[in-house]
Amino acid sequence: APSSGNVLRDLGLAQNESEHLRLLSALQEEVRQLISDRHLTQARAATLFGVTQPRMSDLVRGKIERFSIDGLIEMLGRARTH
């Protein structure tokens, strides 16, 4: 079958579920890119984003299921003001 352009949907996930995962993944990548661009340690990133270091470790290791879209947006908002 031809691709829909959304690999998650092609794997059989409902559209709203695949969109949710796509958005979580994009937000996680935004956080990781900000950490890289600013050359932050996980401890410094945790302080910047207002979370614990173990929580930051989860994010960096790709455990996006432990995060919400709202939580990631809030974290990015904190970082943008500092």
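Predicted model: local features only at pLDDT ≥ 70, side-chain atom pairs only at ≥ 80, totals over all residues.
Trainee: Why are helix 3 and helix 4 called roughly perpendicular to each other?

Mentor: Helix 3 covers residues 42-49 and helix 4 covers residues 53-60, and the two pack at an angle of about 105 degrees. Angles of 65 to 115 degrees count as roughly perpendicular, therefore helix 3 and helix 4 get that description. Their axes are 8 Å apart.

Trainee: Which residues make the contact between helix 3 and helix 4?

Mentor: Helix 3 contributes Q42, A43, A45, A46 and F49. From helix 4 come Q53, M56, S57 and V60. By class, six residues in this contact are nonpolar, three are polar and none is charged.

Trainee: How many salt bridges does a search of the whole structure find?

Mentor: The search finds six.

Trainee: What makes the pairing of E29 and R32 a salt bridge?

Mentor: The N to O distance between their side chains is 3.8 Å. The cut-off is within 4 Å, so the pair of E29 and R32 qualifies.

Trainee: How far apart are E29 and R32 in helix 2?

Mentor: They are three residues apart in helix 2, which spans residues 15-37, so about one helical turn separates them.

Trainee: Why is E29 called partly exposed?

Mentor: The relative accessible area of E29 is 39%. Buried means under 20% and exposed means over 50%, with partly exposed in between, so E29 is partly exposed. R32, with 33%, is partly exposed as well.

Trainee: How do you know that R61 forms a salt bridge with D58?

Mentor: The closest N and O atoms of R61 and D58 are 3.2 Å apart. That value is within 4 Å, so the pair counts as a salt bridge.

Trainee: Are R61 and D58 buried or exposed?

Mentor: R61 has a relative accessible area of 52%, and over 50% means exposed, so R61 is exposed. D58 has 11%, and under 20% means buried, so D58 is buried.

Trainee: What makes E74 and R78 a salt bridge?

Mentor: Their closest N and O atoms are 2.6 Å apart, which is within the 4 Å cut-off, so the pair counts. E74 and R78 are four residues apart in helix 5 (residues 69-80), so about one helical turn lies between them. With relative accessible areas of 45% for E74 and 31% for R78, each is partly exposed.

Methods:
Residues numbered from 1 in each chain as written. Heavy atoms only, no water. Axes fitted to C-alpha atoms, helices over the stretch in contact; angles between N-to-C directions. Parallel < 35°, antiparallel > 145°, perpendicular 65-115°, else oblique. Contact = heavy atoms within 4.5 Å. Nonpolar A, V, L, I, M, F, W, Y, C, P; charged D, E, K, R; others polar. Buried < 20%, exposed > 50% of the residue type's maximum accessible area, 1.4 Å probe, protein only.
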